[in-house]
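Okay, thanks for having me, everyone. Let me put the model up on the screen and then walk you through a few spots.

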Amino acid sequence: MGPLRGNKKKRKMEKKPEENSLVSGSSEEGSTEWWDVLSKTIAGSPSSSQILDNFRSTFKVSRKTFDYICSLVKEHMMAKTHFAFTNGKPMTLNDQVALALVRLGSGNSLISIGDSFGAHHSTVSQVTWRFVEAIEEKGLRHLQWPSTELEMTQIKQKFEKIRGLPNCCGAIDTTHITMLLTSSDQEADTWLDCKQNHSMILQAIVDPDLRFRNIVTGWPGKMNDSSVLQSSSFFKQCQKGEKLNAKKIHLSEETELTEYIIGDSGFPLLPWLVTPYQGKEVSKTEADFNKRLLATQVVAHRALARLKEVWKMIQGEMWRPDRHKLPRFILVCCILHNIVIDMEDDVLDELPSSLYHDPGYRQEICESVDKAGSILRDRLSMYFSGR
């Protein structure tokens, strides 16, 4: 999926002197005053490894991934209006990418980020939006449904290794992106959810490597999981047999199994979407299957938790965001999440593995059951019970 694959190179312990500077050795030359300030946040005389660690904690990516992102957005970001710091010094490409990554990764206000960089808050806003447009234009290949049989086969094999689910193609879940709207906002009530928060929904289908394969966002947080799913083009394509339509596998001589994704009880049981058995009187076989299913679906929880933990702009309450632009910010954060994975970025080793991405929201229950979906779930359950 990503542009760079192959064996992961071991990080060298000794760095060239120029790598202590953000911009040297990349697509721009020179030095940046704000990077000098950032380096001084480390007590004493920082070593190369300390500066690189500070780099990763500040920008949420390694130097290698930063350089790749710069190459990805260069044409778009440098083709239009040029930006400058408050002292009049022109911003290099690297300066602009650094500023945008800090904005998305810290969640801090435009004013505080501008003060840190020596830039006006309006410049922070404009540069970040230019970056969002560039990632949308050049980075969408990092967020797509598997395009080859080999790629899907690898995904199925990895899912099966988790808890044995055969022919599984993805795990689906939703999370709330919360906003702080004022009473003067005439549309504020539209965005009130069940917790009386103003929020926007993000629905994501995730692969075993925590990579987002399909997302839907932009809907008010009061919508339930089933409604968001049914509004999506993914739902329509699956219902028409245009997705999850590969050749069936045989669990036994008599039992065939189609491709499917898995979800929790908030989603409907469909011919291509397997959800847990519900009710207080589930059998031991059904309860065991539920445990297996939910243990596999954890990949979706973990991916959404990591997304919000790293790209903090969408983690907390955003102050009066532009709701027309917010879905595009969310999309770009998801693309950046995938770029880190596709680049085999060593920053992944330092990220938390929390499962909690939507604290305070109760588990939804959808009682919609499709007969073909029930048959598919029963086949899987009986397969694991050995019948």
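Before the first pair of helices, a quick word on angles: an axis here is a line fitted to C-alpha atoms, for helices over the stretch in contact, and angles run from 0 to 180 degrees between N-to-C directions. And keep in mind that this is a predicted model.

Helix H7, residues 149-163, packs on helix H10, residues 284-310, at about 130°, and the axes sit 9 Å apart. That angle makes H7 oblique to H10. The crossing of these two is right-handed. Who's touching whom? From H7 you've got Phe159, Ile162 and Arg163, and they meet Lys291, Arg292, Ala295, Thr296 and Val299 of H10. Sort the residues of that contact by class and you get four nonpolar, one polar and three charged.

Now the other helix pair, H3 and H4. H3 covers residues 63-77 and H4 covers 93-106; they pack at about 110° with axes 10 Å apart. Angles of 65 to 115 count as roughly perpendicular, so that's what we call H3 and H4. On the H3 side the contact uses Phe66, Ile69, Cys70, Val73, Lys74 and Met77, while H4 brings Leu93, Asn94, Gln96, Val97, Ala98 and Leu101. By class, this contact of H3 with H4 has nine nonpolar residues, two polar and one charged.

While we're around H3, have a look at Ser62, in the loop between helix H2 (48-59) and H3. Is Ser62 buried or exposed? Its relative accessibility is 7%, so Ser62 counts as buried. Leaving aside residues up to four places away in sequence, Ser62 touches Phe55, Arg56, Asp345, Asp346 and Val347.

Okay, over to the strands. E2, residues 198-206, and E3, residues 212-220, pair antiparallel over six bridges. If you want one to click on, Leu202 has Thr217 of E3 as its bridge partner. E2 and E3 make a hairpin with five residues between them.

Leu210 is buried, with a relative accessible area of 9%. Then there's Gln196, not a glycine either, with a positive phi of about 65°. Gln196 lies in the loop between strand E1 (168-180) and E2. With 56% relative accessibility, Gln196 counts as exposed.

That's my tour, happy to take questions.

How values were computed
Residues are numbered from 1 along each chain as its sequence is written. This is a predicted model: local features need pLDDT of at least 70, side-chain atom pairs count only at pLDDT 80 or more; totals for chains, interfaces and linings use all residues. Side-chain values use heavy atoms; hydrogens and water are left out. Helices (H or I, at least four residues) and strands (E, at least two) are DSSP runs, numbered from the N terminus. Angles under 35 degrees count as roughly parallel, over 145 as roughly antiparallel, 65 to 115 as roughly perpendicular and the rest as oblique. Contact means heavy atoms within 4.5 Å. Ala, Val, Leu, Ile, Met, Phe, Trp, Tyr, Cys and Pro count as nonpolar, Asp, Glu, Lys and Arg as charged, and the others, Gly among them, as polar. Two strands pair if DSSP finds at least two bridges between them. Buried means under 20% relative accessible area, exposed over 50%, partly exposed in between (1.4 Å probe, protein chains only). A crossing is left-handed if the near helix is turned anticlockwise from the far one by less than a right angle, and right-handed if clockwise.
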